[in-house]
Amino acid sequence: MVQVDLVIAGAGFGGSLMAMIAHQLGLSVVLLEQGTHPRMAIGESTTPLSNLLLERLCKTYDLPRVAPLVKWGSWQRAYPQVACGLKRGFSFFHQSGGELLVAASPHNEIADTHWYRAEVDHFLVMEAQRLGVNYRDRARIETLDFAEDGATIVGHAGEEPFHIHARLVIDATGPRGLLYRALQLAESPMPGMPATESLYSHFTEVSGTECGESITPYPVDDAAVHHVFEGGWVWVLRFNNGVTSAGVAATQAVAKELALSDGEPAWARVLDRVPRLKPQFERAVACQPFRYMPAISFRSGAIAGKRWAMLPSAAGFVDPLLSTGFALTLLGIERLARILRSSDVSRQLQTYAEQTECELLTASRLIGALYATMGNFAAFTAVSLLYFAAVSLSETSQRLGKLELAAGFLLDQHPVFGPATRVLLERAHKLRGDEDTRAFTHEVLRVIEPFNLGRFGDPALRNRYPVHAEDLLDARSKVGASREEIMAMLEKTGFSDSPSANRRSLHSASVKKA
Ligand SMILES: Cc1cc2nc3c(=O)[nH]c(=O)nc-3n(C[C@H](O)[C@H](O)[C@H](O)COP(=O)(O)OP(=O)(O)OC[C@H]3O[C@@H](n4cnc5c(N)ncnc54)[C@H](O)[C@@H]3O)c2cc1C
């Protein structure tokens, strides 16, 4: 029998990263994957917050070879062979014709990315092995027994049997994964979220989005593109290898109307529902089988025990909307990493579970409110501004090294922002008519004002939010920073490394005049 400190089940990006970190902490680790790499995986779009978290993990746990993945520019220089997409922001197009464009970076060099998971996950698992992690693929776990001192895991990796004793097991197998099934855990409800279904694939020959205006804060397709309609939305993410990821997420009622469970034939009905997409997909060819998910959201009834813990991605999932999955997974990895070497792991795992659940519920309340307002773009926009105001303040606080300003995921633990946002998110489910929506939007803008670093809600910007140094400088008192501190932060993050950055762009100037 092999004795190790840690067995991690599941070698997606979460499992491989957790394994690398545990190894760097001096623990002996076995990483078990049921499949083989490279393989198709979904969950592709990163955000400034997820990239900041990954950057911090790479620094803290000395993973310099993973660090280039946190920005488009460094990625292209270090690993041009690993496919990804350029993500400059979030683009929303509504069935009513409404548009919302929120930039996340001032230029490509420091932009976010969409991960082409087949290649990124393969790269990460190879990095884990390079560091010395014991990796076994084609792993079938046949028995898993927990005792006071750890777990005994018996199974086969391909034809080869394994018999391992581990002090701790981390489940990185995704929703409804290994431990949920092995321990026969209950499924808990996801507050505020409707039941939803999904259908998705990868395509080639997808053409560009038609945007209502020619002047935009970034090229609209270099983004996570969302097409929103009542009861659902479609994502379109473009990679740099000619492949585009696209899929729909919809409430059960809409999924039934579209008969998503039919798979490929339902995609044509999705395109009928979102006419703007039709020309884009006219010549498109699916290069992966369509995958149908009968239930997107999931929340495990338990997240950790004495000798086990689930990564956030195994503990639950809300929805791809706003790309919260990576950030939540990385927050969980960071928390687990801090407690792995503690003499008191079991007790600390309970705190880990509580925080993980709290973050999941925060995401659930937000995304539930977005689903509730999908038929009302003004309200949908207002709800999304709660998210953008919270994340941009969190990101800036992290960059300034003032973590205390950003309490909890999306400022959920902030004594003012947290409770006020919760009230608004509940109210979003009950909005009636234009006047109510206007009052709601007004209240959102009032709540975000002390945290708003990006002129969110400024009518002069007409739902097009660029990233400008001057806006941050103007709002510096909201993060208790001096002009010099903001300038130093911008310098350090590479904000001004582009010729057009650090001064107002033509776009902004023209919007101001308008
Ligand atoms: C439709 C959809 C779209 C999404 N889009 C986004 C997005 O744009 N941005 C974002 O941030 N998040 C997104 N997410 C969430 C994202 O997918 C997850 O946060 C992310 O995949 C978590 O990574 P992971 O490595 O922890 O788990 P996974 O990617 O789920 O990997 C799990 C691994 O475990 C392996 N495995 C499964 N069972 C076993 C077993 N019994 N034994 C051993 N191995 C096993 C699997 O083969 C796989 O390799 C999306 C999710 C869905 C469903």
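1. A quick definition before the notes: "partly exposed" means a relative accessible area between the buried class (under 20%) and the exposed class (over 50%). Keep in mind, too, that this is a predicted model.

2. R176 deserves a look on the backbone side. Its phi is positive, about 50°, although R176 is not a glycine. You'll find R176 in the loop between β10 (160-171) and α5 (178-182). With a relative accessible area of 27%, R176 counts as partly exposed.

3. L411 is another non-glycine residue with a positive phi, here about 60°. It sits in the loop between α11 (377-400) and α12 (417-427). Is L411 buried or exposed? Its relative accessible area is 0%, so L411 is buried.

4. Check the peptide bond from H37 to P38 as well: that one is cis, with omega near -5°. P38 belongs to the loop between β2 (29-32) and α2 (48-60).

5. On to the cysteines. How many disulfides are there? The count is zero, taking a disulfide as a pair of cysteine sulfur atoms within 2.5 Å. C58, for one, is in no disulfide, and the nearest cysteine sulfur, that of C84, is 15 Å away. C58 is buried, at 4% relative accessible area.

6. C287 itself is partly exposed, with a relative accessible area of 38%.

Terms used: Residues are numbered from 1 along each chain as its sequence is written. This is a predicted model: local features need pLDDT of at least 70, side-chain atom pairs count only at pLDDT 80 or more; totals for chains, interfaces and linings use all residues. Side-chain values use heavy atoms; hydrogens and water are left out. Helices (H or I, at least four residues) and strands (E, at least two) are DSSP runs, numbered from the N terminus. Buried means under 20% relative accessible area, exposed over 50%, partly exposed in between (1.4 Å probe, protein chains only).
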